[in-house]
Amino acid sequence: MNLKIGDEVVVITGSDKGKKGKIISIDRKKNRVVVEGVHIVKKHQKGNGQTTGGILEVEAPIHVSNVMIIDPKSKKRTRIGHTTDKNNKKIRIAKKSNEKLD
């Protein structure tokens, strides 16, 4: 999996197709990511001493194959490639524009 927390991604399939957001968390064992503002579900939570219970709306994880990273130059979706910099350190690049990804 070539994605990192904080990457800007777009959903390419499903009910939230076309929505953009940043990656909040990654589950590498299950190949799932949580994207900010995407795949909102209602969660029933019981109250405890500090908080009141109720129905919360939270982001649910989606499979990593359903998202693609956004090219920083063209702002369109792209695949991720790898190359080395001057110090022979492996870096991620966007395939469409060869721009370095943070």
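**Exercise 1. In which segment is Asn98 found?**

Before the solution, two remarks on the basis of the values: this is a predicted model, in which local features need pLDDT of at least 70 and side-chain atom pairs count only at pLDDT 80 or more, while totals for chains, interfaces and linings use all residues. Residues are numbered from 1 along each chain as its sequence is written, and side-chain values use heavy atoms, with hydrogens and water left out.

Solution. Asn98 lies in the segment after β10 (90–94), where strands (E, at least two residues) are DSSP runs numbered from the N terminus. As a next step, consider the backbone: Asn98 has a positive phi of about 60 degrees although it is not a glycine. Finally, Asn98 is exposed, with a relative accessible area of 57%; here buried means under 20% relative accessible area, exposed over 50%, and partly exposed in between, with a 1.4 Å probe and protein chains only.

**Exercise 2. Determine the place, phi and exposure of Asn31.**

Solution. Asn31 is placed in the loop between β2 (20–27) and β3. The phi of Asn31 is near 55 degrees, which is a positive value in a residue other than glycine. With a relative accessible area of 33%, Asn31 is partly exposed.

**Exercise 3. Trace the order of the open sheet and follow the bridges around β1 and β7.**

Solution. Six strands form the open sheet in the order β6-β3-β2-β1-β7-β8, with antiparallel pairing; two strands pair if DSSP finds at least two bridges between them. At the edges stand β6 (62–63) and β8, each of which pairs on one side only.

Taking β1 next, three bridges connect β1 and β2 in the antiparallel sense, and Glu8 has Lys22 in β2 as its bridge partner. Three bridges also join β1 to β7, again antiparallel, and Val9 has Ile69 in β7 as its bridge partner.

Technical notes
Helix = DSSP H or I, 4+ residues; strand = E, 2+ residues; numbered from the N terminus.
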